[in-house]
Amino acid sequence: MEMGDGAALDAIDLALLARLAKDGRASLTDLAREVGLSRPSVADRLRKLESTGVITGYAARIDPARLGLPLRAHVRLRPHQPNARAHGLREKLLALGHVLSCVHVTGDDCYVIEVAARSPAHLEEMIDSLTGIGRTTTLLVLSEVVSLSDVDVKALLRP
């Protein structure tokens with residue numbers, strides 16, 4: 001498996017990625033012990049994975065429900081404007097607040113927006129705001145079956 005610059009990922013790189021996907025706060029000492037390398041060797045490998053863009057950052061996974069936002073929904077959006085990104089879609093979504101992510105997709109709808117809400121009434125307010133941008137279809141999230149931290153990195157890279 002190759003990184004962006006043509007360098008190959010080996011079993012140790014994959015093991016490091018798998019562990020960091022599950023626990024981004026794992027210490028160099030713990031990582032080194034798990035893969036059988038020294039701390040400096042692990043640090044070098046992580047720097048290489050970062051510099052090639054394989055690792056794009058480290059972040060806390062936040063549970064919106066613990067912040068008083070127990071409802072999550074995916075809102076499909078078909079903007080009124082043909083080129084919504086050029087008309088400030090990102091800024092409009094960030095100004096709404098409670099937007100967790102937005103992806104540009106193929107198909108009848110152009111964007112799928114994940115939002116977190118305090119209540120059904122709050123979700124309705126957000127949907128009403130989005131209808132000013134375009135036509136919406138809303139899907140309420142009941143539960144998350146698989147998250148990114150559950151994904152097997154090795155399986156992700158299978159041909």
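**Exercise 1.** In the hairpin of β2 and β3, which residue takes a positive phi?

Solution. Start with what you are looking at: this is a predicted model, where local features need pLDDT of at least 70 and side-chain atom pairs count only at pLDDT 80 or more, while totals for chains, interfaces and linings use all residues. Residues are numbered from 1 along each chain as its sequence is written, and side-chain values use heavy atoms, with hydrogens and water left out.

Next, the labels: helices (H or I, at least four residues) and strands (E, at least two) are DSSP runs, numbered from the N terminus. The hairpin has six residues between its strands, and Gly 107 takes the positive phi, near 110 degrees.

**Exercise 2.** Work out which strands pair with β3.

Solution. Two strands pair if DSSP finds at least two bridges between them.
- Step one: strand β1 (residues 71-79) runs antiparallel to β3, with seven bridges. Here Leu 77 has Tyr 111 of β3 as its bridge partner.
- Step two: strand β2 (residues 99-104) is also antiparallel to β3, joined by five bridges. Val 103 sits opposite Val 112 in β3.
- Step three: go back to β1, which also pairs antiparallel with strand β4 (residues 134-140) over seven bridges. Ala 73 is opposite Leu 140 of β4.
- Step four: check how covered β3 (residues 111-117) is. Six of its seven residues are buried (buried means under 20% relative accessible area, exposed over 50%, partly exposed in between, with a 1.4 Å probe and protein chains only).

**Exercise 3.** Is Leu 93 buried or exposed? Compare it with His 98.

Solution. Leu 93 belongs to helix α4 (residues 89-96).
- Step one: its relative accessible area is 4%, so Leu 93 is buried.
- Step two: look at its contacts (heavy atoms within 4.5 Å). Leaving out residues up to four places away in sequence, Leu 93 touches Val 99, Cys 102, Ile 113 and Leu 130.
- Step three: move to His 98, in the loop between α4 and β2. His 98 has a relative accessibility of 29%, so it counts as partly exposed.
- Step four: check the backbone of His 98. Its phi is near 65 degrees, a positive value in a residue other than glycine.

**Exercise 4.** Which residues does Arg 19 contact, leaving aside its neighbours within four places in sequence?

Solution. Begin in helix α1, where Arg 19 is placed.
- Step one: the contacts of Arg 19 are Ala 26, Asp 30, Leu 31 and Glu 34.
- Step two: take Glu 34, which is 15 residues from Arg 19 in sequence and 9.1 Å away, C-alpha to C-alpha.
- Step three: look at Asp 23, in the loop between α1 and α2 (28-35). Asp 23 is partly exposed because its relative accessible area is 29%.

**Exercise 5.** Describe the lining of the largest pocket, and say which element gives the most to it.

Solution. A pocket here is an open set of points on a 1 Å grid over the protein atoms alone, where a 1.4 Å probe fits, with protein on both sides within 12 Å along at least five of seven lines; lining residues have an atom within 4 Å of a point.
- Step one: 35 residues line the largest pocket, and Ala 21, Ala 59, Arg 61, Leu 148 and Ser 149 are nearest its centre.
- Step two: α1 (11-22), β2, β3 and α6 each supply at least two lining residues. The most come from α1, with four.
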